[in-house]
Structure formats: C-alpha cells, structure tokens
Amino acid sequence: MLYNREWDDIMINVVVCDDDNKFRQKVIEQIKKYMNNKYEYKILEFDDYNNKFISLIKSDPSSSPDLIILRKV
C-alpha cells in the first residue's frame with residue numbers, strides 16, 4: 001500500500017456485516033492488522049441487515065461508511 005500524507009487526518013469508517021461471529025472477528029482482525037496504527041478508523045459490526053444497518057448505508061454520503069464488507073452465502 002502506498003502511503004499518502006493527505007490521509008493523515010482521515011477517519012476511515014468500515015462496516016462488517018455477517019451473521020457468523022467467527023468470520024466477522026477474523027475480518028476485523030485483518031482490518032486492524034492492515035491499518036496498523038497508520039490511520040484512524042472506526043469499525044461497526046452487524047450480524048444482520050437490520051434497520052440500524054440499512055439507515056447507516058442510506059445515510060448522507062459524508063457520514064456513510066467508506067468500506068462495507070459483506071459475505072454472501
């Protein structure tokens with residue numbers, strides 16, 4: 001990954017949604033490993049496409065997640 005100085009003050013919002021908790025935790029572990037304290041980030045996890053998840057996805061683009069991780073089974 002290339003490091004971009006302009007990203008110093010960016011908060012990366014990540015959403016992980018899967019009903020399998022073990023899978024979610026593995027994904028979150030990889031995200032944390034990848035970020036490696038280089039970037040500010042926030043991880044939101046969901047186990048279902050509930051109302052809170054849907055409203056977050058439909059929210060204003062400036063507050064919506066930067067990365068959404070879903071797994072289709």
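Leaving aside its neighbours within four places in sequence, which residues is Asp18 in contact with? In this predicted model, the contacts of Asp18 are Phe23, Arg24, Phe46, Asp47 and Arg71. You will find Asp18 in the loop between β1 and α1. With a relative accessibility of 5%, Asp18 counts as buried, because the limit for that class is under 20%.

If you take the contacts with a separation of 6 or more, 67% of them are between residues 24 or more positions apart. As for the surface, the protein chain exposes about 5900 Å², of which carbon and sulfur atoms supply 51%.

Now back to one of the partners of Asp18, namely Arg24. Arg24 lies in helix α1, and its relative accessible area of 9% makes it buried. What does Arg24 form with Glu45? The two form a salt bridge, with their closest N and O atoms 3.0 Å apart. That distance qualifies because the cut-off for such a pair is 4 Å. In general, side chains of opposite charge can pair when their charged atoms come close. A search of the whole structure finds 1 salt bridge. The pair links distant parts of the chain, with Arg24 in helix α1 (residues 21-35) and Glu45 in strand β2 (residues 40-46), 21 residues apart.

Is Glu45 buried or partly exposed? Here the two partners part ways: Glu45 is partly exposed at 39%, while Arg24 is buried at 9%. The side chain of Glu45 makes a polar contact of 3.0 Å with the side chain of Arg24 and another, of 3.1 Å, with the side chain of Gln25. Beyond its neighbours up to four places away in sequence, Glu45 touches Val16, Asn21, Arg24, Gln25 and Ile28. Between Glu45 and Ile28 the C-alpha to C-alpha distance is 8.7 Å, and the two are 17 residues apart in sequence.

Which residues make up the largest nonpolar core? This core has 8 residues: Ile12, Val14, Val16, Val27, Ile28, Ile31, Met35 and Tyr39. Both β1 and α1 supply at least two residues each, and the largest share, 4 residues, comes from α1. A second, separate core has 5 residues, among them Val15, Cys17, Phe46 and Leu56. To place Met35 from the 8-residue core, note that it touches Ile12 and Tyr41, not counting residues up to four places away in sequence.

Cys17, a member of the second core, lies in strand β1 (residues 11-17) and is buried at 3% relative accessibility. Cys17 and Leu70 are 53 residues apart in sequence, yet their C-alpha atoms are 5.3 Å apart in space.

Leu70 brings us to the surface. Which residues form a nonpolar patch there? The patch consists of Tyr49, Ile54, Ile57, Ile68 and Leu70, with about 420 Å² of accessible area together. The elements giving two or more residues to the patch are α2 (51-58) and β3 (67-70). Ile68, for instance, is found in strand β3 and is partly exposed, with a relative accessible area of 37%.

Notes. Residues numbered from 1 in each chain as written. Predicted model: local features only at pLDDT ≥ 70, side-chain atom pairs only at ≥ 80, totals over all residues. Heavy atoms only, no water. Salt bridge = Lys/Arg side-chain N within 4 Å of Asp/Glu carboxyl O. Buried < 20%, exposed > 50% of the residue type's maximum accessible area, 1.4 Å probe, protein only. Contact = heavy atoms within 4.5 Å. Areas by Shrake-Rupley, 256 points an atom, 1.4 Å probe, with all protein chains shown as cover. Core = buried A, V, L, I, M, F, W, Y, C linked by side-chain atoms within 4.5 Å. Patch = residues over 30% accessible without salt bridge, like charges linked within 9 Å, V, L, I, M, F, W, Y side chains within 5 Å. Polar contact = N/O pair within 3.5 Å; in protein donor to acceptor, adjacent residues only side chain to side chain.
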